[in-house]
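Okay, thanks for coming, everyone. Let me put today's protein up on the screen and walk you through it.

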Amino acid sequence: MASELTRFIYRAKVIELYRDLLRAASSRTVSKDTRQALVEQIKTEFTVHRNVDDLRRIQFLVADGKRRRDQLVEMLGLAYYKK
């Protein structure tokens, strides 16, 4: 039971992270070509890891994704962006 609840919670975290990354990548502070490349890379990364079933691996990927999101936000200078 706890495992299913944990998976459900991490599924929500993954979706939230995906949306956050797309929102940051779609910022108007970068050129259209850069935006397209960032969005494509984000989609590719999530597609590659779509079928990961190991909870520890999912936890690692979410933590790594948050770190990458924070780096992207810092790189793009999105001061208004909430972490």
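Let's start with contacts. If you take the contacts in the protein chain with a separation of 6 or more, 65% of them are between residues 24 or more positions apart. Keep in mind that this is a predicted model.

So what is the chain built from? It has 3 helices and 0 strands, and from the N terminus on the order is simply α-α-α. The C-alpha trace spans about 45 × 25 × 15 Å along its principal axes. There are 83 residues here, and 29% of them are buried.

Now the surface. The accessible area of the chain is about 6400 Å², and carbon and sulfur atoms account for 53% of that. Have a look at Leu5, Phe8 and Ile9: those residues make a nonpolar patch on the surface, with about 320 Å² of accessible area together. Take Ile9 from that patch. You'll find Ile9 in helix 1, which covers residues 2–25, and its relative accessible area is 40%, so we call Ile9 partly exposed.

On to charges. We have 18 positive and 11 negative ones, and their mean positions sit 4 Å apart. In general, side chains of opposite charge can pair when their charged atoms come close. How many salt bridges are there in this model? The count is 7, and I'll show you a few.

One of them pairs Asp53 with Arg7, with 3.6 Å between the closest N and O atoms. Those two are 46 residues apart: Asp53 is in the loop between helix 2 (32–48) and helix 3 (55–76), while Arg7 is in helix 1. Asp53 has a relative accessible area of 56%, so it counts as exposed; Arg7 is at 28%, so that one is partly exposed.

Then there's Asp20. Is Asp20 buried or exposed? Its relative accessible area is 12%, and the cut-off for buried is under 20%, so Asp20 is buried. Asp20 forms a salt bridge with Arg23, at 2.9 Å from N to O. They're 3 residues apart in helix 1, which means about one helical turn separates them.

Asp20 also meets Arg69 in a salt bridge, this time at 3.2 Å, N to O. That pair links distant parts of the chain, with Arg69 in helix 3 and Asp20 in helix 1, 49 residues apart. Both of these residues, Arg69 and Asp20, are buried. And through shared partners, salt bridges tie Asp20, Arg23, Arg69 and Asp70 into one network.

That's my tour, thanks!

Methods. Residues are numbered from 1 along each chain as its sequence is written. This is a predicted model: local features need pLDDT of at least 70, side-chain atom pairs count only at pLDDT 80 or more; totals for chains, interfaces and linings use all residues. Side-chain values use heavy atoms; hydrogens and water are left out. Helices (H or I, at least four residues) and strands (E, at least two) are DSSP runs, numbered from the N terminus. Buried means under 20% relative accessible area, exposed over 50%, partly exposed in between (1.4 Å probe, protein chains only). Contact means heavy atoms within 4.5 Å. Accessible areas come from the Shrake-Rupley method with a 1.4 Å probe; for residues, only the protein chains shown count as cover. Lys and Arg count as positive and Asp and Glu as negative; His and the chain ends are not counted. The place of a charge is taken as NZ of Lys, CZ of Arg, CG of Asp or CD of Glu. Patches are made of residues with over 30% relative accessible area and no salt bridge: like charges are joined within 9 Å, nonpolar side chains (Val, Leu, Ile, Met, Phe, Trp, Tyr) within 5 Å. A salt bridge is a side-chain nitrogen of Lys or Arg within 4 Å of a carboxyl oxygen of Asp or Glu.
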